[in-house]
Amino acid sequence: MSEPSPTPGVRFPPPLIFLLGLGAGLALEHLLFPWELVSPPVLPVLRGLAAAFALAAAWLLLSALGGFRRKGNDPRPWREDTAFVEDGIYRHTRNPMYLGMALAYVAITLACNSLWPLLTLGPVLFVIRHYVIGREEAYLTQRFGQTYTDYCRRVGRWF
């Protein structure tokens, strides 16, 4: 029998994954051709929507970090979890930090009025789901057992 892993084994910081995807989308915007989401008369509506996404992202991220702080957990996914967080925002989503980062990404994309970064969001979410969340879920199942499995049945991955 193999020794249980002391950490989830996430090798690349998730915020950096989101930033690389966003950077790739913005680079495509400048290197290929601008691909706007809306025409100039609709920009105020788009910017208002961007602000709403940004506020939702900030709320999710701050709520999630507060939950980790209350339990004494380090939010960095390459560190060992000392406690299982299932209260607060975690009653509604198992991944509020990644959901918050995705909403922040969309907010920036809307504020830039560019379709390219939205197109690179799909690959970013694929990497987050399979190479970050997948490792975290396996680790949390190993670390917290039935408690975590029951939690997964009650609470959706994203919402």
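Predicted model: local features only at pLDDT ≥ 70, side-chain atom pairs only at ≥ 80, totals over all residues.
Local features were taken at pLDDT of at least 70 and side-chain atom pairs only at pLDDT 80 or more, while totals for chains, interfaces and linings use all residues. Residues are numbered from 1 along each chain as its sequence is written, and side-chain values use heavy atoms, with hydrogens and water left out.

The protein has 5 helices and 0 strands. Helices (H or I, at least four residues) and strands (E, at least two) are DSSP runs, numbered from the N terminus. The pattern along the sequence is α-α-α-α-α. The C-alpha trace spans about 60 × 30 × 25 Å along its principal axes. Of the 159 residues, 38% are buried. Buried stands for under 20% relative accessible area, exposed for over 50%, and partly exposed for values in between (1.4 Å probe, protein chains only). Among contacts (heavy atoms within 4.5 Å) with a separation of 6 or more, 78% join residues 24 or more positions apart.

Helix H1 (residues 14-31) packs against helix H4 (residues 116-144) at an angle of about 155°. Their axes lie 8 Å apart. Axes are lines fitted to C-alpha atoms, for helices over the stretch in contact, and angles run from 0 to 180 degrees between N-to-C directions. The angle makes H1 roughly antiparallel to H4. On this scale, angles under 35 degrees are roughly parallel, over 145 roughly antiparallel, 65 to 115 roughly perpendicular and the rest oblique.

On the H1 side, the contact includes Pro14, Ile17, Phe18, Gly21 and Leu22. Among the H4 residues that they and the rest of the H1 side meet are Trp116, Pro117, Thr120, Leu121 and Val124. The contact residues divide into 15 nonpolar, 3 polar and 1 charged. Here Ala, Val, Leu, Ile, Met, Phe, Trp, Tyr, Cys and Pro count as nonpolar, Asp, Glu, Lys and Arg as charged, and the others, Gly among them, as polar.

Leu26 is in helix H1. Leu26 is partly exposed, at 26% relative accessible area. Beyond residues up to four places away in sequence, Leu26 touches Cys112 and Pro117. The C-alpha atoms of Leu26 and Leu118 are 9.6 Å apart, across 92 residues of chain.

The count of salt bridges is 7. A salt bridge is a side-chain nitrogen of Lys or Arg within 4 Å of a carboxyl oxygen of Asp or Glu. Glu86 pairs with Arg154, with the closest N and O atoms 2.6 Å apart. Glu86 lies in the loop between helix H2 (43-71) and helix H3 (96-112) and Arg154 in helix H5 (residues 146-154), so this pair ties together parts 68 residues apart in sequence. Glu86 is partly exposed at 29%, and Arg154 is exposed at 54%. Shared partners join Asp74, Arg76 and Arg79 into one salt-bridge network. Asp74 meets Arg76 at 2.6 Å between the closest N and O atoms. Asp74 also meets Arg79, at 3.3 Å from N to O. Arg76 is partly exposed at 36% relative accessibility. Arg79 is partly exposed at 36% too.

Asn113 lies in the loop between H3 and H4. Its phi is near 55°, a positive value in a residue other than glycine. Asn113 is buried, at 5% relative accessibility.
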